[in-house]
2 protein chains.
Amino acid sequence: MVIDCHGHYTTAPRQLQAFRDEQIAALKDPTAAPPKTLASISDDQLRESVQPQLKFQTDRGTDVTIFSPRASAMAHHIGDATTSLDWTRHCNDLIHRVCTLFPQNFVGVCQLPQTPGAPLANCIEELERTVNELGFIGCNLNPDPSGGHWTAPPLTDRFWYPFYEKLVELDVPAMVHVSASCNSNFHATGAHYLNADTTAFMQFLQADLFKDFPGLRMIIPHGGGAVPYHWGRYRGLAQDLKRPLLTELIRDNVFFDTCVYHQPGIDLLMNVVPAENILFGSEMVGAVRGIDPQTGHYYDDTKRYVDAAAIDDRARANILEGNARRVYPRINAKFKMQNAK
Amino acid sequence: MVIDCHGHYTTAPRQLQAFRDEQIAALKDPTAAPPKTLASISDDQLRESVQPQLKFQTDRGTDVTIFSPRASAMAHHIGDATTSLDWTRHCNDLIHRVCTLFPQNFVGVCQLPQTPGAPLANCIEELERTVNELGFIGCNLNPDPSGGHWTAPPLTDRFWYPFYEKLVELDVPAMVHVSASCNSNFHATGAHYLNADTTAFMQFLQADLFKDFPGLRMIIPHGGGAVPYHWGRYRGLAQDLKRPLLTELIRDNVFFDTCVYHQPGIDLLMNVVPAENILFGSEMVGAVRGIDPQTGHYYDDTKRYVDAAAIDDRARANILEGNARRVYPRINAKFKMQNAK
């Protein structure tokens, strides 16, 4: 079975965006009330909306996608804690409905109702709700809810510890994933996302977070940002800073996905990062939607690159399935090993 | 001749830091006056201070270093425009003295007196002074003088255009280089530097800056941040955004250095980026100072990686010398081709 650890619901029915638009309009107009509910979306509309993902799964030979709300639309910087909570719950509930309609194809990961400067109590509650009541198996944690102003404490700060305690208690991981940028310096998918990945890794390198939480597991998406390309730099920085070897530092706690959209990048990732720390992911339908004229295939068809990488069968099996089962253990109750599909 | 396009004066005599400390102390104490002058530094002290760089040049088989003030110490966020100007002029003057003492080994690139929110007139003046009076051949341009808060306009904004006009008029390039981070999210050399590189590239991809300035040349250091590792992502983003092919977009205007501290990273860089757009650089004595136990050589001995890369002799010659002569043409008046040394 092939598990894609990184898929967002970028193709949701228009009612979801209409709700959001109404919510944002109400923020700007004090005489308007925020919308109470999402307009009705039928099961057929949901089925129709994920046809692109289902077709890509079939065409590319993948089985199940770990599926979360559209990352760029989380936009935690918009409105206040109530805005964020209302929006988040609707987004997560839709993911749950899709996963219920296609239990063989999707398993849920939640958006969190983060807000700049707000405490994490809402996030802890929503994590519990989605994991315990909706069967979700992880979450997307935004290290910069300000959307490109980077006003939150580093991920290694004790501010985040109550949330990490809940992650460990529920035995679910977090993917470190920012959202839209409202800073004109940062293109979202071309700069902000990769910068956040790089930033988070260096934060992890500097601190003893995983000594405090040996059971905490973080996925750094987009192939780890700049990190594998600069693996020598990070090995050297760790050495200069008298920190552990990178391979020890990340072993049980930090994982990179394979959302790197060309063969040389994937080859580098496989070359320098231990296979145990790599999870197959494609980010489809996501940041890059075109077909690469150099290959004739979609840029984000990362399965092709993983299939072509010079790694042994055991490593490939772990990257495509085994590691995801270890990092997201709650997936095992839904999908048994040996092609249960 | 081998030209290292990226060296900072990280080993300056202690009088320079003493001046800076006094300057910063005066900012905090309204009864104190800022220092008027740098304490006297003898030529012998300067000679002594660059022995590490000279030894590395000899040991590694490089000839001349394009040499600029310590990047992390530029700290444009400290004080006001006067603070920045005073500090910058002292830093640049010291570079000039070193280049005068060792004209075969160093050629100057200037720090700019940037300040968050301040106009660029000071920068234009200091660029003219250092190029016309001190014989410098380029500058380091900080896209984020706030030190990690990213409050300046993107590099493609018209705010920067008067400065670019001067760069083109003087026929000197800019290396896009941030300084220290005062945002606790960003480790300077482990996150902020690489994020800035990635950010700048995406800004260039989005706008028509080089249509407005066909003669403008920008070096993105640290191997281009995350960009070559994600070359497929950027090719795909350019395609989705209906922008030119990356190779066309960067051809005469955007260059990456080789400050990537392991062989797989350099191999990737050489594999995906045209050789004409790569300049040899080491960043020595800089971000990473240790010896790689995997190779027994310094991490930042990037010449070894370039020598070992699977490229042809012409590409290697261009990367080690020819491209730097094209990007920094004022170097040609100082160093003739064919091993003039």
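This is a predicted model: local features need pLDDT of at least 70, side-chain atom pairs count only at pLDDT 80 or more; totals for chains, interfaces and linings use all residues.
**View 1. Helices α5 and α6 of chain A run roughly parallel.** Helix α5 covers residues 121-133 of chain A, and helix α6 covers residues 161-170. The two pack at an angle of about 15°, with their axes 10 Å apart. That angle falls under 35 degrees, so α5(A) and α6(A) are roughly parallel to each other. Their crossing is right-handed. From α5(A), the contact uses Cys123(A), Ile124(A), Leu127(A), Glu128(A), Val131(A) and Asn132(A). From α6(A), Pro162(A), Phe163(A), Lys166(A), Leu167(A), Glu169(A) and Leu170(A) take part. By class, this contact has 8 nonpolar, 1 polar and 3 charged residues.

**View 2. Helices α1 and α4 of chain A pack roughly antiparallel.** Here α1 spans residues 14-28 and α4 spans residues 81-101 of chain A. The axes lie 11 Å apart, at an angle of about 180°. Angles over 145 degrees count as roughly antiparallel, and α1(A) and α4(A) are therefore placed in that group. On the α1(A) side, look for Leu16(A), Phe19(A), Arg20(A), Gln23(A) and Leu27(A). They meet Thr83(A), Asp86(A), Trp87(A), His90(A), Cys91(A) and Leu94(A) of α4(A). The contact residues divide into 6 nonpolar, 3 polar and 2 charged.

**View 3. In chain B, helix α4 crosses helix α5.** Residues 81-101 form α4(B), and residues 121-133 form α5(B). Their axes come within 11 Å and cross at roughly 15°. That makes the two helices of chain B roughly parallel. The crossing of α4(B) and α5(B) is right-handed. Helix α4(B) brings Ala81(B), Leu85(B), Thr88(B), Arg89(B), Asn92(B) and Asp93(B) to the contact. Helix α5(B) brings Asn122(B), Glu126(B), Arg129(B) and Thr130(B). Sorted by class, there are 2 nonpolar, 4 polar and 4 charged residues in this contact.

**View 4. A cis peptide bond joins Met284 and Val285 in chain A, and one joins Met284 and Val285 in chain B.** Most peptide bonds are trans. In chain A, the bond between Met284(A) and Val285(A) has an omega of about 0°. Val285(A) sits in the loop between β8 (278-279) and β9 (291-292) of chain A. In chain B, omega for Met284(B) and Val285(B) is about -5°. Val285(B) is found in the loop between β8 (278-279) and β9 (291-292) of chain B.

**View 5. Ala75(B) has a positive phi.** Most residues other than glycine have a negative phi. For Ala75(B), phi is near 40°. This residue lies in the loop between β2 (64-69) and α4 of chain B.

**View 6. Chains A and B superpose by a rotation of 180°.** The shift along the rotation axis is 0.0 Å, and the RMSD is 0.0 Å. The two copies are thus related as by a two-fold rotation axis. In chain B, the C-alpha nearest that axis belongs to Ala226(B), 2.0 Å away. Both copies use the same surface: 100% of the contact residues of chain B recur in chain A.

**View 7. Chain A holds 13 helices and 10 strands.** Its radius of gyration is 19 Å, close to the 20 Å that the globule rule gives for 341 residues. Chain A is therefore as compact as a globular protein of that length. Along its principal axes, the C-alpha trace of chain A spans about 60 × 45 × 40 Å.

Terms used:
Residues are numbered from 1 along each chain as its sequence is written. Chains are lettered from A and ligands numbered from 1 in the order in which they are written. Side-chain values use heavy atoms; hydrogens and water are left out. Copies are superposed by least squares on the C-alpha atoms of residues with pLDDT of at least 70 in both. Contact means heavy atoms within 4.5 Å. Axes are lines fitted to C-alpha atoms, for helices over the stretch in contact, and angles run from 0 to 180 degrees between N-to-C directions. Helices (H or I, at least four residues) and strands (E, at least two) are DSSP runs, numbered from the N terminus. Angles under 35 degrees count as roughly parallel, over 145 as roughly antiparallel, 65 to 115 as roughly perpendicular and the rest as oblique. A crossing is left-handed if the near helix is turned anticlockwise from the far one by less than a right angle, and right-handed if clockwise. Ala, Val, Leu, Ile, Met, Phe, Trp, Tyr, Cys and Pro count as nonpolar, Asp, Glu, Lys and Arg as charged, and the others, Gly among them, as polar. The radius of gyration is taken over C-alpha atoms; the globule rule is 2.2 Å times the number of residues to the power 0.38.
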